Amino acid sequence: MKISTGIRYCEPGMRSSIRAMQVSNELLGITNENVTGFDKVGYQRKEAVVSSFTEFLGIHGISTNIDEQVGRIQVSERPLDIAIATQGYFQVQTPNGVKLTRDGRFKLDKDGYLLSLEDGNVLSDSGVPIKLPFVPDDLTSIKVDRKGRVSVFNKEQRKLNYVATMGVVDSSGMAVMRPDVKQGYNEYSNVSLQNEFLAVMPTIRVFEANRQIFIMQNTNVQKAISQLSSTS
């Protein structure tokens with residue numbers, strides 16, 4: 001009877017250890033995604049949010065937040081590479097609706113529409129696709145100022161013609177009044193590899209501790225089962 005009680009006592013403990021290891025794996029996965037996105041243009045670091053009930057909910061008690069700090073801005077020298085030096089997002093029309101992105105590697109199609117790398121229309125501050133009146137032979141004829149105003153130089157008229165203003169919004173969709181737009185730059189991720197590696201060590205230690213506890217509990221259960229089978 002005592003042995004039976006011990007088995008029932010160990011079994012919930014083993015479940016807790018397994019849940020804890022699954023949580024650690026989920027946290028390691030988030031860190032791994034951040035490390036993988038270190039050199040990606042427009043990638044924003046994900047922060048794990050651990051609920052106070054994660055002990056009972058397991059991985060369902062974990063969610064993520066986006067770190068909206070500005071990443072590393074570097075010169076690209078491509079006229080249609082655009083970066084935002086403040087918090088905010090470009091708006092791109094996709095088949096699944098409007099997407100917010102900080103990846104400003106844009107291009108022109110044959111009709112003069114400004115597109116993302118995935119062929120989504122870049123939207124203006126009025127919510128319509130940005131379309132140039134003509135496709136210039138030299139992309140350096142396209143100018144984008146710090147407020148996101150797009151203009152194109154007309155050789156025949158010998159003047160810069162205003163086209164539209166890029167729609168830069170925050171994460172809730174509200175317009176950013178003073179976007180610091182930089183033409184000819186790319187914004188890489190805001191991930192710090194050093195911080196990611198430092199943050200991962202406690203998670204690894206917690207995983208190892210729960211793994212050892214699970215092994216001990218599993219060994220005890222096997223011994224108990226072995227004794228029960230031998231007495232029968």
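These legends describe close-up views of a predicted model. Local features need pLDDT of at least 70 and side-chain atom pairs count only at pLDDT 80 or more, while totals for chains, interfaces and linings use all residues. Residues are numbered from 1 along each chain as its sequence is written, and side-chain values use heavy atoms, without hydrogens and water.

**View A. Salt bridge between E33 and K46.** The closest N and O atoms of E33 and K46 are 2.7 Å apart (a salt bridge is a side-chain nitrogen of Lys or Arg within 4 Å of a carboxyl oxygen of Asp or Glu). E33 belongs to helix 1 (residues 2-36) and K46 to strand 1 (residues 46-50), so the pair ties together parts 13 residues apart in sequence. Helices (H or I, at least four residues) and strands (E, at least two) are DSSP runs, numbered from the N terminus. E33 is partly exposed, at 35% relative accessible area, and K46 is partly exposed at 25% (buried means under 20%, exposed over 50%, partly exposed in between, with a 1.4 Å probe and protein chains only).

**View B. Salt bridge between E196 and R45.** Here the closest N and O atoms are 2.3 Å apart. The pair links E196 in helix 3 (residues 193-231) with R45 in the loop between helix 1 and strand 1, 151 residues apart. E196 is buried, with a relative accessible area of 2%.

**View C. Salt bridge between E187 and R102.** The closest N and O atoms of this pair lie 2.7 Å apart. E187 is in strand 15 (residues 185-187) and R102 in the loop between strand 6 and strand 7 (107-108), 85 residues apart. Both E187 and R102 are buried.
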